[in-house]
Amino acid sequence: MISAAAHRRLATEAWESLLRSQVAVMRELHKEPIFKKVGSREYDVLFNLSRCPTGWLRLNELNDNVLLTQPSISRLVERLEARGLVQRRTPDDDRRGVLIGLTEAGAALQKEVGRAHVQNIMQLMEEALSDAEMQTLLELTGKLRSAVALRAGGAAAAAAAVSPAPSAT
């Protein structure tokens with residue numbers, strides 16, 4: 001058994017390593033030429049909209065799934081709408097609400113960027129990790145998301161947090 005100080009140091013070093021790895025991987029992936037067509041934050045919005053079964057998300061639901069503040073999301077959605085990649089509509093059940101959905105052009109761009117992005121992810125991950133290591137990484141990051149979800153909102157949120165992430169295409 002390790003001391004409390006050694007345990008704290010291990011937890012801090014593991015967290016820092018995870019964070020630095022994530023930043024390094026994201027920087028490498030976003031060097032790819034496909035991200036000249038759409039920025040990574042814009043792609044994140046298009047990707048999340050593409051995953052929605054109804055094809056539409058409320059702005060606050062979109063905000064729950066991307067790493068931006070509400071005002072930043074609103075401005076980003078305005079820019080995507082101006083480019084013809086997303087559209088807005090008012091929900092039938094709430095005249096004050098706003099739904100955001102992909103246009104045909106937005107869906108096509110998301111698929112194009114998504115396919116290239118998945119290829120880049122595969123190349124990078126395969127260079128660094130075996131299948132068994134990727135499975136272990138998936139399990140460990142799932143446990144971390146579950147612990148955070150339990151803190152934030154209980155068992156239902158934790159169960160949702162450990163479900164496998166969908167494909168990026």
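**Entry 1: the model and its confidence**

I noted that this is a predicted model, in which local features need pLDDT of at least 70 and side-chain atom pairs count only at pLDDT 80 or more, while totals for chains, interfaces and linings use all residues. Residues are numbered from 1 along each chain as its sequence is written, and side-chain values use heavy atoms, with hydrogens and water left out.

I then looked up pLDDT, the predictor's confidence in each residue, from 0 to 100; the protein chain averages 88, and 91% of the residues score at least 70. Helices (H or I, at least four residues) and strands (E, at least two) are DSSP runs, numbered from the N terminus. Confidence is highest in helix α5 (residues 104-128), at a mean of 96, and lowest in helix α7 (residues 155-161), at 54.

**Entry 2: the salt bridges**

I read that side chains of opposite charge can pair when their charged atoms come close. For exposure I used these cut-offs: buried is under 20% relative accessible area, exposed over 50%, and partly exposed in between (1.4 Å probe, protein chains only).

Glutamate 16 and arginine 20 meet through their side chains in a salt bridge (2.7 Å, N to O), and because they are four residues apart in helix α1, about one helical turn separates them. Arginine 20 counts as exposed at 55% relative accessibility, whereas glutamate 16 is partly exposed at 38%.

Arginine 83 and glutamate 42 form a salt bridge as well (3.4 Å, N to O). This pair links distant parts of the chain, 41 residues apart, with arginine 83 in the loop between α4 and β2 (86-89) and glutamate 42 in helix α2. I found arginine 83 partly exposed at 42%, but glutamate 42 buried at 14%.

Aspartate 93 and arginine 58 form a salt bridge whose closest N and O atoms are 3.4 Å apart. Aspartate 93 lies in the loop between β2 and β3 and arginine 58 in strand β1 (residues 56-58), so the pair ties together parts 35 residues apart in sequence. Aspartate 93 is exposed at 67%, while arginine 58 is partly exposed at 22%.

**Entry 3: the nonpolar core**

In soluble globular proteins, nonpolar side chains tend to be buried together. A nonpolar core is a set of buried Ala, Val, Leu, Ile, Met, Phe, Trp, Tyr and Cys residues joined through side-chain atoms within 4.5 Å. The largest one has 24 residues, of which Leu46, Leu49, Leu62 and Val86 touch the most other members. Helix α2 gives the most to this core, with five residues.

Is histidine 117 buried or exposed? Histidine 117, placed in helix α5, counts as buried at 9% relative accessibility. Leaving aside neighbours within four places in sequence, histidine 117 is in contact with Leu29, Phe35 and Tyr43.

Leucine 19, by contrast, has its place in helix α1 and counts as partly exposed at 40% relative accessibility.

Technical notes. A salt bridge is a side-chain nitrogen of Lys or Arg within 4 Å of a carboxyl oxygen of Asp or Glu. Contact means heavy atoms within 4.5 Å.
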